[in-house]
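Here's a quick tour of a two-chain model, written for someone who would rather look at side chains than read tables. Keep the viewer open and follow along.

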Amino acid sequence: MIPVCRLEDLPAGDSVRLDTTPPVAVFNADGELYAIDDTCSHQDASLSEGWLEGCLIECPLHAASFDLRTGRPTCLPARRPVRTHQVYVEDGVIHVLVASATGATGDGDASAAGKGSAA
Amino acid sequence: MRAVIVVGASLAGLYAARELRAQGFDGRLVVIGAEPHPPYDRPPLSKSFLTGTADEDRLALADEEETAELAAEWLLGTRVRALDARGRTVVLDDGRTVTGDGVVIATGAAARRLPGPPLAGVHTVRTLDDARALRADLTRGPQRVVVIGGGFIGAETASSCAVLGHDVTVVEAAPLPLAAQLGPQMASVCAGLHARGGVALLTGVGVAGLRGAAGRSVTAVELADGRLLPADVVVVGIGAIPNTQWLAGSPLAVDDGILCDDGCVTTLPQVVAVGDVARVGGARAEHWTSATEQPRAAVRNLLAGHTVESAHSLPYFWSDQYGSRIQFAGHRTSGDIARIVEGSSADPGGDPTAGARGGGLLAVYERAGRTTAALAIDCARPFMKARRGLAADRAAELAGV
Ligand SMILES: Cc1cc2nc3c(=O)[nH]c(=O)nc-3n(C[C@H](O)[C@H](O)[C@H](O)COP(=O)(O)OP(=O)(O)OC[C@H]3O[C@@H](n4cnc5c(N)ncnc54)[C@H](O)[C@@H]3O)c2cc1C
Ligand code: FES
């Protein structure tokens, strides 16, 4: 489990990027917390810098959109999912449990991305 | 409509094929492309593909499953050489013909070349084959690389060559590269990125010619002021010309691109044009996003038989150079004033040797108190907000008139 920040430091509509390998993005979507791989599965943009609307995050580079609940893209140009991770709040601090951190490359590697989100 | 022909099997052609199926066209779909490769993505050719961080399989635009779902007949490695007077039949290079009742033209553009006999070591960067050849030359140990042209593709290629450890010089005829696109103030900020990447930038001087014996390798680039720049590899990045030669003699109007209305419809209602080859509503864009957005309206209008939807979206492009990401959106015209609203121009990209990016910057362009465009260097999140604002303004403006 990786501590992220205090709950009050991630207000609704905001996101934060963890410099893990691969990097992980944590979002507060209208009060629900989600964590996914930060690197877009299309090319190499950082999804934490994207546009958050409801449960969808739009990539800042070519506007692929991902469902934060499943990591699946909802439109082109992304075709592969990003991994999703579990988020917990403990004593007011947000934590992320990164799914199978080993073996992932974070560059949108197809096998790593597919495995995580299927779980 | 029972059969549609898509001419050009790259980004815009593939998106047109997708739109045709998505919008319910279930007839015969023939996609014809001059290159032997299935549709691939060009932007990485000057970036991650050149530096070797992305392989060819990462360039593919459609996977097998999607290709199968499109249920198209692919004629790859096949150039179209003419369109008949009724705009329904295309003639292939080998004389065969294909007839449909709708045609989507997506033939893109070709890299402009320098006059003179071909010399080994001289490259353009437009196609996968171009990039493969350049990559092969760059893997033969350290080289002296001269990039002719400081536009986006020239700058990206120079950056990639520098990353690979080559000795790189960029030659730009204008006093400042990219000034026409970005305006002088922001163009000079971008020009500063070359120095940061260890690349020499020579501006305000044209190229007189290339040195090297005919049929042999290039040895130097001769500048208009008489200077000689020794070179083992030369990259010519002086723009692209829309691929319209094959339309000579057709009824379509052509003037630096195929003339179309706001909905990508040509002078013939059953022929639409999309992507780099199309001059839509008076403007031709050479951007990835236009090539992916125009097909939606173009296909709708093609299937409707006349223009029911405009393809006017907000122009947007990005470029990756020297570890920085440049993003631009909107309609800048000369005289618009650029104002930096986030970060500073002092060091927008940070120090690449330290592996760190600077804080980035966001600039907005203004004219008569209105925002016309936005430019960001490593400032994706604020840029997205600005871009959305511009798109909303544009939509309101279009709805209002
Ligand atoms: C190296 C490079 C880097 C780029 N980087 C960026 C970037 O960072 N950001 C950005 O926004 N844009 C970028 N672009 C621009 C973007 O790639 C283009 O706007 C896009 O490829 C246009 O797509 P298109 O399908 O209209 O044309 P093209 O991609 O040019 O495809 C046209 C296709 O039609 C085929 N064709 C031509 N004539 C015929 C014929 N007579 N018969 C059959 N087939 C024919 C061609 O062989 C080609 O395959 C870059 C382009 C290049 C070359
Ligand atoms: S990098 Fe995210 S859509 Fe292209």
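A residue counts as buried when its relative accessible area is under 20%, as exposed when it is over 50%, and as partly exposed in between. B:Asp378 comes in at 12%, so it goes down as buried. Bear in mind throughout that this is a predicted model.

- You'll find B:Asp378 in the loop of chain B that runs between strand E26 (370-377) and helix H8 (380-400).
- What does the side chain of B:Asp378 reach at 2.7 Å? That would be the backbone nitrogen of B:Arg325.
- There's also a side-chain to side-chain link: B:Asp378 and B:Ser324 make a polar contact of 2.8 Å.

- Chain A brings 24 residues to the contact, and chain B brings 19.
- How many salt bridges cross the interface of chain A and chain B? The rule finds four.
- A:Arg79 has a salt bridge to B:Asp63, side chain to side chain, at 3.3 Å from N to O.
- Sorted by class, the face of chain A that touches chain B has seven nonpolar, nine polar and eight charged residues.
- Polar contacts across the interface of chain A and chain B come to nine residue pairs, with both partners at pLDDT 80 or more.

- The UniProt record (an unreviewed entry) puts a "domain: FAD/NAD(P)-binding" feature at residues 3-294 of chain B.
- In the model, that span of chain B is 24% helix and 27% strand, and its end C-alpha atoms sit 20 Å apart.
- B:Glu222 belongs to strand E14 of chain B, which covers residues 220-223.
- Is B:Glu222 buried, partly exposed or exposed? With a relative accessible area of 23%, B:Glu222 is partly exposed, because that value falls between the 20% and 50% cut-offs.
- Setting aside neighbours within four places in sequence, B:Glu222 is in contact with several residues, among them B:Val207, B:Arg211 and B:Arg227.
- From B:Glu222 to B:Gly359 is 137 residues along the chain, and their C-alpha atoms are 39 Å apart.

- In chain A, the peptide bond running from A:Thr21 to A:Pro22 is cis, with omega near -5°. A:Pro22 is in the loop between strand E2 (15-18) and strand E3 (24-29).
- A:Leu76 and A:Pro77 are also joined by a cis peptide bond, with omega about 5°. Look for A:Pro77 in the loop between strand E7 (65-67) and strand E8 (84-90) of chain A.
- A:Ala63 is not a glycine, yet it has a positive phi of about 65°. Its place is the chain A loop between strand E6 (56-58) and E7, and A:Ala63 is partly exposed at 26% relative accessible area.
- Over in chain B, B:Ala368 has a positive phi of about 50°, again without being a glycine. B:Ala368 lies in the loop between strand E25 (361-367) and E26.
- Why does B:Ala368 count as exposed? Its relative accessibility is 81%, and over 50% is what exposed means here.

How values were computed: Residues numbered from 1 in each chain as written. Chains lettered and ligands numbered in written order. Predicted model: local features only at pLDDT ≥ 70, side-chain atom pairs only at ≥ 80, totals over all residues. Heavy atoms only, no water. Helix = DSSP H or I, 4+ residues; strand = E, 2+ residues; numbered from the N terminus. Buried < 20%, exposed > 50% of the residue type's maximum accessible area, 1.4 Å probe, protein only. Contact = heavy atoms within 4.5 Å. UniProt positions renumbered as here; feature names shortened; annotations may be inferred. Polar contact = N/O pair within 3.5 Å; in protein donor to acceptor, adjacent residues only side chain to side chain. Nonpolar A, V, L, I, M, F, W, Y, C, P; charged D, E, K, R; others polar.
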